Amino acid sequence: MGIPTLISQRLGQLTGSMLLTALALGSAEAAPTDTPLVIATASPTGVYHITGRALCRLVQAPCEARPSDGSMDNLQALRVGEVPFALAQSDLQYHAVSGIEGFAEAGPDESLRALFSVHSEPFTLVARRDAEVETFDDLAGRSVNIGNPGSGQRATMLQLTAAQGWSLSDFALVNELPADQQSLELCHGNIDAMVYTVGHPDTSIRQAADLCDAVLVDVEGPAVDALLESTLYYSRAIIPAGLYYEDQPEIATFGVRATLLASENTDPDLVYKLVSAVFDNFERFTEFHPAYSVLAPETMIEDGLSAPLHEGALRYYREQGWIESTASSEKPATEDGAADETNTDAIEAMKNDTGGPEEDG
């Protein structure tokens with residue numbers, strides 16, 4: 001059986017699975033008479049979009065989870081007021097707040113506000129078995145998809161290659177396809193490997209594993225160590241063994257967190273409604289995707305957040321007693337890379353609180 005036929009069969013199965021997921025999340029994106037609450041997500045096949053749909057389902061209001069080109073695109077859309085809410089990687093959130101890297105020309109986004117962080121997102125390297133890619137170092141001279149401009153995966157890949165002392169010319173071929181196209185490009189033999197910064201399990205990676213026997217590869221070494229030492233938003237991460245194929249080992253890598261953001265100008269009542277919908281129904285939220293199963297409220301309102309908390313989010317957290325009422329929402333991230341102190345009382349306050357939402361299982 002040829003690859004095109006096999007791919008066609010498997011895509012039919014995967015499409016059916018995705019339709020079931022959509023039904024489980026409900027039709028919260030149906031357009032009613034009111035202007036919908038819009039959450040910019042990323043690829044329609046990724047966990048960001050599932051997260052946006054889950055949030056829409058919980059808020060029980062006109063709501064749209066809008067696909068986009070990814071984190072950088074979302075942060076730019078927030079800055080100019082195109083969307084009220086957006087998901088973005090924690091590293092790119094810090095870059096936007098600080099006005100560095102891809103946001104150096106635009107400067108610091110002083111209007112950016114955080115609501116909470118969601119799942120961890122390991123940087124994931126996937127390769128064809130016959131490409132003989134066993135470490136990140138082996139990518140030199142290979143063809144690789146680094147992600148479309150505006151995506152978080154591309155931004156992380158560029159940081160890692162810079163730490164490695166590489167440029168894009170060190171690859172035989174560089175593709176910039178979005179996440180929902182890269183697995184088929186791999187299976188057609190047009191690239192040797194792809195990278196993705198994503199919560200697990202993920203449909204795109206499962207496609208690559210199922211359709212063309214692709215493998216996951218450890219991402220470790222001096223370049224990763226250098227990134228971890230120089231940043232606050234990266235941390236070591238593990239992808240569990242056997243998640244995508246029978247002989248898949250535990251994968252050691254690093255990663256960021258997905259974060260939900262808004263503009264300072266986003267209606268505080270709308271922010272409060274969205275935040276309360278999540279934490280008042282926390283156990284239900286964690287059931288929407290396996291990546292949410294390890295979440296805990298006390299870390300979600302602290303980890304990965306460089307931007308000040310939004311006024312509407314602060315109102316809810318203060319009502320729960322999770323943050324002191326004197327905490328300021330106006331402190332920006334410091335120049336040395338440390339997050340502001342807006343949220344520093346959150347964890348201790350929640351540890352001592354017995355009236356907040358319970359952690360999932």
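Predicted model: local features only at pLDDT ≥ 70, side-chain atom pairs only at ≥ 80, totals over all residues.
Residues are numbered from 1 along each chain as its sequence is written. Local features need pLDDT of at least 70 and side-chain atom pairs pLDDT 80 or more, while totals for linings use all residues, and side-chain values rest on heavy atoms, without hydrogens and water.

**Disulfides**

With a disulfide taken as a pair of cysteine sulfur atoms within 2.5 Å, the count is 2. In sequence order of the bonded cysteines, the pairing reads 1-2, 3-4.

| Pair | S to S | Angle about the S-S bond |
|---|---|---|
| C56 and C63 | 2.0 Å | -65°, left-handed |
| C187 and C212 | 2.2 Å | -65°, left-handed |

C187 belongs to helix 6 (residues 179-187) and C212 to helix 7 (residues 203-212), so this link ties together parts 25 residues apart in sequence. Helices here are DSSP runs of H or I with at least four residues, and strands are runs of E with at least two.

**Second largest pocket**

A pocket is an open set of points on a 1 Å grid where a 1.4 Å probe fits, with protein on both sides within 12 Å along at least five of seven lines; lining residues have an atom within 4 Å of a point. The second largest pocket holds about 300 Å³ of space. Its lining has 20 residues, and S120, P122, H200, I238 and V294 are the closest to its centre. Strand 4 (112-127), strand 9 (235-239) and strand 10 (251-263) each give two or more residues to this lining. Strand 9 gives the most, with 5 residues.

Conventions: Points joined across faces, edges and corners; volume = space filled by probe spheres on them.
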